[in-house]
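Subject: Structure handover and findings

Hello,

Here is the structure for you to look through. My notes on it follow below.

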Amino acid sequence: MRRTGSSLPQVYKGLDIITNKVSPQEQRLCRHHMISFVDPLVSNYTVVDFRDKAVPLISYIFARDKIPIVVGGTNYYIESLLWKVLINTKVL
């Protein structure tokens, strides 16, 4: 089992207490992804960024015969994985 977070605040580094992130001990029990990897001071992280990182990660987890479990409280982010309607607005 692998957990992938979908709660936006949990992606930010250094906000462990106010976002109620899983502890390092809990993370050793079950592998977690997409936690504490965005610097809140230098990044404008969007739902498109989330989707673009989560989709390949979920595919990778499935390819390893594991079951990804997407958890979190931001429904918009979970919907970005289910419905392919988001538009990438970043300049390429």
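What share of the 92 residues of the chain counts as buried? The figure is 34%, where buried means under 20% relative accessible area, exposed means over 50%, and partly exposed lies in between (1.4 Å probe, protein chains only).

Some ground rules. This is a predicted model, in which local features need pLDDT of at least 70 and side-chain atom pairs count only at pLDDT 80 or more, while totals for chains, interfaces and linings use all residues. Residues are numbered from 1 along each chain as its sequence is written, and side-chain values use heavy atoms, with hydrogens and water left out.

Overall layout

The chain has 3 helices and 3 strands. Helices (H or I, at least four residues) and strands (E, at least two) are DSSP runs, numbered from the N terminus. Along the sequence the pattern reads β-α-β-α-β-α. Take contacts, meaning heavy atoms within 4.5 Å. Among those between residues at least 6 apart in sequence, 67% join residues at least 24 apart. The accessible surface of the chain is about 6300 Å². Carbon and sulfur atoms hold 59% of that surface. Areas come from the Shrake-Rupley method with a 1.4 Å probe; for residues, only the protein chains shown count as cover.

The core

In soluble globular proteins, nonpolar side chains tend to be buried together. A nonpolar core here is a set of buried Ala, Val, Leu, Ile, Met, Phe, Trp, Tyr and Cys residues joined through side-chain atoms within 4.5 Å. The largest one has 13 residues. Within this core, M34, Y45, F50, A54 and L81 touch the most other members. Helices α2 and α3 each supply at least two of its residues. The top contributor is α2, with 7 residues.

A54 is in contact with M34 and L81, leaving aside its neighbours within four places in sequence. L81 is found in helix α3. L81 counts as buried because its relative accessibility is 16%. With neighbours within four places in sequence again left aside, L81 is in contact with F50, R51, A54, V55, I58 and V70. L81 and V55 are 26 residues apart in sequence, yet their C-alpha atoms are 6.9 Å apart.

Helix α3

Which residues of α3 are buried? They are Y77, S80 and L81. Seen down the axis of α3, these buried residues fall within an arc of 100°, so they line one face of the helix. The arc is that of the directions from the helix axis to the C-beta atoms. The buried residues pack against α2 (47-63) and β3 (68-71).

L82 also lies in α3 (residues 75-82). L82 counts as exposed, at 53% relative accessibility. With W83 and V85, L82 forms a nonpolar patch on the surface. Together the three have about 370 Å² of accessible area. Patches are made of residues with over 30% relative accessible area and no salt bridge: like charges are joined within 9 Å, nonpolar side chains (Val, Leu, Ile, Met, Phe, Trp, Tyr) within 5 Å.

Salt bridge

The structure holds 1 salt bridge. The term means a side-chain nitrogen of Lys or Arg within 4 Å of a carboxyl oxygen of Asp or Glu. The partners are D52 and R51, at 3.0 Å, N to O. D52 is partly exposed, with a relative accessible area of 39%. R51 is buried, at 16%.

Backbone and loops

Most residues other than glycine have a negative phi, and most peptide bonds are trans. M34 has a positive phi of about 60° and is not a glycine. M34 sits in the loop between β2 (31-33) and α2. M34 is buried, with a relative accessible area of 6%. D65 is also not a glycine, and its phi is positive, near 60°. D65 is in the loop between α2 and β3. D65 is exposed, at 73% relative accessible area.

G72 is in the loop between β3 and α3. G72 is partly exposed, at 48%. G72 and Q10 are 62 residues apart in sequence and 8.7 Å apart in space, C-alpha to C-alpha.

In strand β2 there is H32. H32 counts as buried, at 7% relative accessibility. H32 and V70 are 38 residues apart in sequence and 9.8 Å apart in space, C-alpha to C-alpha.

Best wishes
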